[in-house]
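This report looks at a few places in one protein model. Please keep the sequence and the 3D view open while reading.

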Amino acid sequence: MYREDISGRLAFVSGASAGIGEAAARMLASNGVNLILAARRIERLESLKNQLEKEYDVKINIIKLDFSKTEDIVKAVDSIENKNIDILINNAGLALGKDLYYNNSLEDALQMVRVNCEGLIVLTRLLMPYILKSKYGHIVNLSSTAADEAYSGGAIYCATKSFVEMFGDSIRVELIDKPVKVTNIKPGAVNTEFSTVRFKGDKEKADNVYKGFIPLYAEDIADNIEYVLTRRSHVQISSMTIMAENQGSATIIHRDNK
Ligand code: NAP
(Lines give C-alpha, C1' and ligand atoms only; values in the text may rest on other atoms or scores of the structure.)
Protein backbone atom coordinates (compact mmCIF):
# COMPACT_ATOMS: atom_id res chain seq x y z
CA MET A 1 0.00 0.00 0.00
CA TYR A 2 1.21 3.51 -0.78
CA ARG A 3 1.58 5.50 2.37
CA GLU A 4 3.33 8.84 2.86
CA ASP A 5 5.44 9.42 5.96
CA ILE A 6 4.12 12.58 7.62
CA SER A 7 6.52 12.62 10.59
CA GLY A 8 8.23 15.93 11.34
CA ARG A 9 5.37 18.01 9.93
CA LEU A 10 3.54 20.63 11.98
CA ALA A 11 -0.24 20.49 12.42
CA PHE A 12 -2.72 22.91 13.97
CA VAL A 13 -5.79 21.18 15.41
CA SER A 14 -8.73 23.35 16.50
CA GLY A 15 -11.02 21.90 19.16
CA ALA A 16 -8.46 19.37 20.39
CA SER A 17 -9.80 19.19 23.96
CA ALA A 18 -12.40 16.49 23.20
CA GLY A 19 -13.87 14.08 20.67
CA ILE A 20 -12.63 14.05 17.09
CA GLY A 21 -10.04 16.83 17.63
CA GLU A 22 -8.47 15.01 20.56
CA ALA A 23 -8.43 11.70 18.67
CA ALA A 24 -6.90 13.46 15.65
CA ALA A 25 -4.18 14.95 17.90
CA ARG A 26 -3.38 11.47 19.27
CA MET A 27 -3.24 10.01 15.77
CA LEU A 28 -0.99 12.82 14.51
CA ALA A 29 1.39 12.52 17.48
CA SER A 30 1.61 8.76 16.89
CA ASN A 31 2.72 9.62 13.33
CA GLY A 32 5.47 11.90 14.67
CA VAL A 33 3.67 15.12 13.74
CA ASN A 34 4.36 18.17 15.93
CA LEU A 35 1.24 19.92 17.12
CA ILE A 36 -0.41 23.20 17.97
CA LEU A 37 -3.62 22.42 19.84
CA ALA A 38 -6.32 25.00 20.55
CA ALA A 39 -9.59 25.02 22.52
CA ARG A 40 -11.15 26.80 25.49
CA ARG A 41 -10.53 24.01 28.03
CA ILE A 42 -6.80 24.54 28.45
CA GLU A 43 -6.46 22.05 31.34
CA ARG A 44 -7.53 19.24 29.00
CA LEU A 45 -5.00 20.38 26.40
CA GLU A 46 -2.31 20.54 29.09
CA SER A 47 -2.93 16.94 30.12
CA LEU A 48 -3.08 15.77 26.46
CA LYS A 49 0.22 17.55 25.73
CA ASN A 50 1.90 15.90 28.74
CA GLN A 51 0.66 12.44 27.75
CA LEU A 52 1.59 12.72 24.09
CA GLU A 53 5.02 14.28 24.66
CA LYS A 54 5.81 11.45 27.08
CA GLU A 55 4.65 8.80 24.64
CA TYR A 56 5.97 10.16 21.33
CA ASP A 57 8.93 12.15 20.12
CA VAL A 58 6.91 15.29 19.29
CA LYS A 59 6.71 18.94 20.34
CA ILE A 60 3.29 20.25 21.32
CA ASN A 61 2.16 23.82 21.87
CA ILE A 62 -1.23 24.53 23.39
CA ILE A 63 -3.37 27.65 23.11
CA LYS A 64 -6.43 28.62 25.12
CA LEU A 65 -8.71 30.04 22.49
CA ASP A 66 -12.39 30.80 21.97
CA PHE A 67 -13.10 30.39 18.26
CA SER A 68 -16.23 32.54 18.49
CA LYS A 69 -14.02 35.61 19.06
CA THR A 70 -12.22 36.87 15.95
CA GLU A 71 -9.85 39.22 17.85
CA ASP A 72 -8.77 36.32 20.08
CA ILE A 73 -7.96 34.16 17.05
CA VAL A 74 -5.90 36.99 15.56
CA LYS A 75 -3.98 37.46 18.83
CA ALA A 76 -3.47 33.72 19.31
CA VAL A 77 -2.09 33.18 15.81
CA ASP A 78 0.12 36.22 16.24
CA SER A 79 1.57 34.72 19.42
CA ILE A 80 2.60 31.42 17.79
CA GLU A 81 6.38 31.34 17.56
CA ASN A 82 6.75 28.75 14.80
CA LYS A 83 3.94 29.25 12.32
CA ASN A 84 5.37 26.95 9.63
CA ILE A 85 2.22 24.89 9.63
CA ASP A 86 1.77 22.10 7.07
CA ILE A 87 -1.54 20.65 8.21
CA LEU A 88 -4.64 22.46 9.47
CA ILE A 89 -7.43 20.41 11.01
CA ASN A 90 -10.45 22.72 11.14
CA ASN A 91 -12.37 20.71 13.70
CA ALA A 92 -13.74 23.05 16.44
CA GLY A 93 -17.48 23.16 16.06
CA LEU A 94 -20.80 22.52 17.69
CA ALA A 95 -24.55 22.20 17.42
CA LEU A 96 -26.73 23.95 19.98
CA GLY A 97 -30.36 22.85 20.39
CA LYS A 98 -32.61 20.83 18.13
CA ASP A 99 -35.82 22.84 18.29
CA LEU A 100 -37.51 24.35 15.29
CA TYR A 101 -35.45 27.30 14.05
CA TYR A 102 -38.06 29.87 15.06
CA ASN A 103 -38.29 28.42 18.58
CA ASN A 104 -34.57 27.94 19.11
CA SER A 105 -32.46 30.56 20.85
CA LEU A 106 -31.11 33.19 18.47
CA GLU A 107 -27.96 33.42 20.58
CA ASP A 108 -27.37 29.67 20.07
CA ALA A 109 -27.89 30.11 16.33
CA LEU A 110 -25.33 32.93 16.22
CA GLN A 111 -22.83 30.96 18.31
CA MET A 112 -22.95 28.07 15.81
CA VAL A 113 -22.32 30.53 12.97
CA ARG A 114 -19.49 32.22 14.88
CA VAL A 115 -17.60 29.02 15.71
CA ASN A 116 -18.44 26.72 12.77
CA CYS A 117 -18.19 29.38 10.04
CA GLU A 118 -16.50 32.60 11.18
CA GLY A 119 -13.92 30.93 13.44
CA LEU A 120 -13.02 28.46 10.70
CA ILE A 121 -12.56 31.03 7.93
CA VAL A 122 -10.65 33.46 10.16
CA LEU A 123 -8.22 30.76 11.32
CA THR A 124 -7.75 29.44 7.78
CA ARG A 125 -7.17 32.96 6.42
CA LEU A 126 -4.55 33.73 9.07
CA LEU A 127 -2.68 30.44 8.62
CA MET A 128 -2.89 30.36 4.83
CA PRO A 129 0.35 32.32 4.16
CA TYR A 130 2.27 29.70 6.18
CA ILE A 131 0.44 26.68 4.71
CA LEU A 132 1.26 28.07 1.26
CA LYS A 133 4.96 27.93 2.13
CA SER A 134 4.73 24.23 2.97
CA LYS A 135 5.62 21.55 0.44
CA TYR A 136 2.92 19.38 2.03
CA GLY A 137 0.04 21.75 2.76
CA HIS A 138 -3.22 20.09 3.75
CA ILE A 139 -6.42 21.62 5.09
CA VAL A 140 -8.90 19.16 6.57
CA ASN A 141 -12.34 20.55 7.38
CA LEU A 142 -14.82 18.80 9.65
CA SER A 143 -18.02 18.99 7.69
CA SER A 144 -20.88 16.53 8.29
CA THR A 145 -23.57 14.44 6.62
CA ALA A 146 -25.71 17.37 7.85
CA ALA A 147 -24.09 19.46 5.10
CA ASP A 148 -25.97 17.48 2.46
CA GLU A 149 -29.24 16.63 4.13
CA ALA A 150 -31.58 19.08 5.81
CA TYR A 151 -33.46 17.92 8.89
CA SER A 152 -35.99 19.50 11.20
CA GLY A 153 -34.19 21.11 14.12
CA GLY A 154 -30.97 21.41 12.14
CA ALA A 155 -31.57 24.61 10.16
CA ILE A 156 -28.53 26.47 11.45
CA TYR A 157 -26.24 23.49 12.11
CA CYS A 158 -26.91 22.03 8.62
CA ALA A 159 -26.40 25.48 7.08
CA THR A 160 -23.08 25.97 8.89
CA LYS A 161 -21.82 22.59 7.66
CA SER A 162 -22.94 23.39 4.09
CA PHE A 163 -20.91 26.58 4.47
CA VAL A 164 -17.85 24.57 5.53
CA GLU A 165 -18.36 22.25 2.58
CA MET A 166 -18.61 25.03 -0.04
CA PHE A 167 -15.74 26.93 1.55
CA GLY A 168 -13.54 23.81 1.33
CA ASP A 169 -14.60 23.03 -2.21
CA SER A 170 -13.95 26.62 -3.33
CA ILE A 171 -10.50 26.97 -1.80
CA ARG A 172 -9.54 23.57 -3.27
CA VAL A 173 -10.27 25.07 -6.68
CA GLU A 174 -8.29 28.21 -5.81
CA LEU A 175 -5.33 26.08 -4.75
CA ILE A 176 -5.07 23.77 -7.78
CA ASP A 177 -1.67 25.14 -8.80
CA LYS A 178 -0.26 24.98 -5.24
CA PRO A 179 0.99 22.01 -3.21
CA VAL A 180 -1.96 22.31 -0.83
CA LYS A 181 -4.73 19.70 -0.57
CA VAL A 182 -8.19 20.39 0.83
CA THR A 183 -10.37 17.61 2.24
CA ASN A 184 -13.88 17.77 3.67
CA ILE A 185 -14.50 14.99 6.18
CA LYS A 186 -18.21 14.24 6.56
CA PRO A 187 -19.09 11.98 9.47
CA GLY A 188 -22.51 10.72 10.44
CA ALA A 189 -23.28 10.07 14.11
CA VAL A 190 -20.08 10.01 16.19
CA ASN A 191 -20.38 9.34 19.91
CA THR A 192 -18.47 12.26 21.42
CA GLU A 193 -19.49 15.16 23.66
CA PHE A 194 -21.26 16.61 20.62
CA SER A 195 -24.82 15.63 21.69
CA THR A 196 -24.21 16.52 25.35
CA VAL A 197 -23.24 20.00 24.15
CA ARG A 198 -26.20 20.13 21.76
CA PHE A 199 -28.67 19.21 24.51
CA LYS A 200 -26.97 21.43 27.11
CA GLY A 201 -25.88 18.62 29.41
CA ASP A 202 -29.10 16.56 29.19
CA LYS A 203 -27.39 13.16 29.35
CA GLU A 204 -30.54 11.15 28.60
CA LYS A 205 -31.28 13.07 25.39
CA ALA A 206 -27.62 12.84 24.39
CA ASP A 207 -27.42 9.07 25.06
CA ASN A 208 -30.61 8.47 23.05
CA VAL A 209 -28.86 9.72 19.91
CA TYR A 210 -26.54 6.69 20.02
CA LYS A 211 -28.99 4.09 21.39
CA GLY A 212 -29.79 0.82 19.58
CA PHE A 213 -26.86 0.84 17.15
CA ILE A 214 -23.09 1.02 17.23
CA PRO A 215 -22.21 4.61 16.35
CA LEU A 216 -18.90 5.88 15.08
CA TYR A 217 -16.27 6.83 17.63
CA ALA A 218 -13.81 9.72 17.50
CA GLU A 219 -10.97 7.27 16.74
CA ASP A 220 -12.80 6.10 13.60
CA ILE A 221 -12.75 9.66 12.25
CA ALA A 222 -9.10 10.14 13.28
CA ASP A 223 -8.40 6.97 11.27
CA ASN A 224 -10.10 8.52 8.21
CA ILE A 225 -8.11 11.73 8.70
CA GLU A 226 -4.92 9.65 8.87
CA TYR A 227 -5.86 8.01 5.57
CA VAL A 228 -6.36 11.31 3.73
CA LEU A 229 -3.14 12.80 5.15
CA THR A 230 -0.95 9.85 4.24
CA ARG A 231 -1.82 9.47 0.54
CA ARG A 232 0.94 9.96 -2.02
CA SER A 233 1.64 13.61 -2.84
CA HIS A 234 -0.31 13.60 -6.12
CA VAL A 235 -3.46 12.08 -4.53
CA GLN A 236 -6.02 14.47 -3.08
CA ILE A 237 -9.11 13.12 -1.31
CA SER A 238 -11.58 15.94 -1.82
CA SER A 239 -14.33 14.55 0.35
CA MET A 240 -14.95 11.56 2.57
CA THR A 241 -18.33 10.54 4.03
CA ILE A 242 -18.29 8.08 6.91
CA MET A 243 -21.29 6.50 8.60
CA ALA A 244 -21.92 3.72 11.09
CA GLU A 245 -22.93 0.45 9.48
CA ASN A 246 -26.54 0.97 10.62
CA GLN A 247 -26.75 4.57 9.45
CA GLY A 248 -28.06 5.15 5.93
CA SER A 249 -28.18 8.94 5.79
CA ALA A 250 -27.94 11.89 8.18
CA THR A 251 -31.36 11.05 9.64
CA ILE A 252 -31.97 7.36 8.82
CA ILE A 253 -30.57 4.97 11.42
CA HIS A 254 -31.62 1.37 12.02
CA ARG A 255 -31.92 0.85 15.77
CA ASP A 256 -32.23 -2.48 17.51
CA ASN A 257 -34.79 -1.71 20.20
CA LYS A 258 -34.73 -5.12 21.90
P1 NAP B 1 -17.05 17.50 20.84
O2 NAP B 1 -16.63 16.22 21.46
O3 NAP B 1 -18.13 18.29 21.49
O4 NAP B 1 -15.75 18.41 20.61
C5 NAP B 1 -15.88 19.71 20.11
C6 NAP B 1 -14.54 20.43 20.19
O7 NAP B 1 -14.76 21.77 19.65
C8 NAP B 1 -14.05 20.58 21.61
O9 NAP B 1 -12.66 20.39 21.64
C10 NAP B 1 -14.40 22.03 21.95
O11 NAP B 1 -13.41 22.58 22.84
C12 NAP B 1 -14.29 22.71 20.59
N13 NAP B 1 -15.06 23.95 20.60
C14 NAP B 1 -16.41 24.10 20.64
N15 NAP B 1 -16.72 25.41 20.73
C16 NAP B 1 -15.53 26.09 20.77
C17 NAP B 1 -15.18 27.46 20.89
N18 NAP B 1 -16.08 28.42 21.02
N19 NAP B 1 -13.87 27.80 20.91
C20 NAP B 1 -12.91 26.82 20.83
N21 NAP B 1 -13.18 25.51 20.70
C22 NAP B 1 -14.48 25.16 20.68
O23 NAP B 1 -17.59 17.25 19.33
P24 NAP B 1 -17.00 16.40 18.12
O25 NAP B 1 -18.01 15.38 17.76
O26 NAP B 1 -15.61 15.98 18.39
O27 NAP B 1 -17.04 17.51 16.98
C28 NAP B 1 -15.90 17.93 16.26
C29 NAP B 1 -16.33 18.43 14.90
O30 NAP B 1 -16.93 17.35 14.18
C31 NAP B 1 -17.36 19.54 14.92
O32 NAP B 1 -17.03 20.50 13.92
C33 NAP B 1 -18.67 18.84 14.58
O34 NAP B 1 -19.60 19.70 13.97
C35 NAP B 1 -18.16 17.77 13.63
N36 NAP B 1 -19.04 16.61 13.49
C37 NAP B 1 -19.42 15.87 14.59
C38 NAP B 1 -20.29 14.80 14.43
C39 NAP B 1 -20.76 13.97 15.60
O40 NAP B 1 -21.75 13.21 15.44
N41 NAP B 1 -20.13 14.03 16.76
C42 NAP B 1 -20.76 14.47 13.16
C43 NAP B 1 -20.35 15.23 12.07
C44 NAP B 1 -19.48 16.28 12.24
P45 NAP B 1 -13.72 23.49 24.14
O46 NAP B 1 -15.12 23.19 24.58
O47 NAP B 1 -12.67 23.05 25.13
O48 NAP B 1 -13.50 24.89 23.68
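The model is predicted, so local features need pLDDT of at least 70, side-chain atom pairs count only at pLDDT 80 or more, and totals for chains, interfaces and linings use all residues. Residues are numbered from 1 along each chain as its sequence is written, and side-chain values use heavy atoms, with hydrogens and water left out.

**The ligand**

The ligand is surrounded by 29 residues, the closest being Ser 17, Arg 40, Asn 91, Tyr 157 and Thr 192.

| Residue | Atom in the residue | Distance to a ligand oxygen atom |
|---|---|---|
| Asn 91 | backbone N or O | 2.8 Å |
| Tyr 157 | polar side-chain atom | 2.6 Å |
| Thr 192 | side-chain N or O | 2.6 Å |

Taken alone, the ligand exposes 880 Å², and the protein buries 96% of that. Accessible areas come from the Shrake-Rupley method with a 1.4 Å probe; for residues, only the protein chains shown count as cover.

**A surface patch**

A nonpolar patch on the surface is formed by Leu 100, Tyr 101, Tyr 102, Leu 106 and Leu 110, with about 570 Å² of accessible area together. Patch residues have over 30% relative accessible area and no salt bridge, and nonpolar side chains (Val, Leu, Ile, Met, Phe, Trp, Tyr) are joined within 5 Å, like charges within 9 Å. A salt bridge is a side-chain nitrogen of Lys or Arg within 4 Å of a carboxyl oxygen of Asp or Glu. Leu 110 sits in helix H4 (residues 106–131).

**Tyr 227 and Thr 230**

Tyr 227 belongs to helix H8 (residues 218–229), while Thr 230 lies in the loop between H8 and strand E7 (239–242). Helices (H or I, at least four residues) and strands (E, at least two) are DSSP runs, numbered from the N terminus.

Is Thr 230 buried or exposed? Thr 230 is buried, because its relative accessible area is 1% and buried means under 20%, exposed over 50%, partly exposed in between (1.4 Å probe, protein chains only). Tyr 227, at 37%, is partly exposed.

Leaving aside residues up to four places away in sequence, Tyr 227 touches Ile 237 and Met 240; contact means heavy atoms within 4.5 Å. With neighbours within four places again left out, Thr 230 is in contact with Tyr 2, Arg 3, Glu 4 and Ile 6. A polar side-chain atom of Thr 230 also lies 2.7 Å from the backbone oxygen of Glu 226.

Definitions and conventions: Near = heavy atom within 4 Å. Polar contact = N/O pair within 3.5 Å; in protein donor to acceptor, adjacent residues only side chain to side chain.
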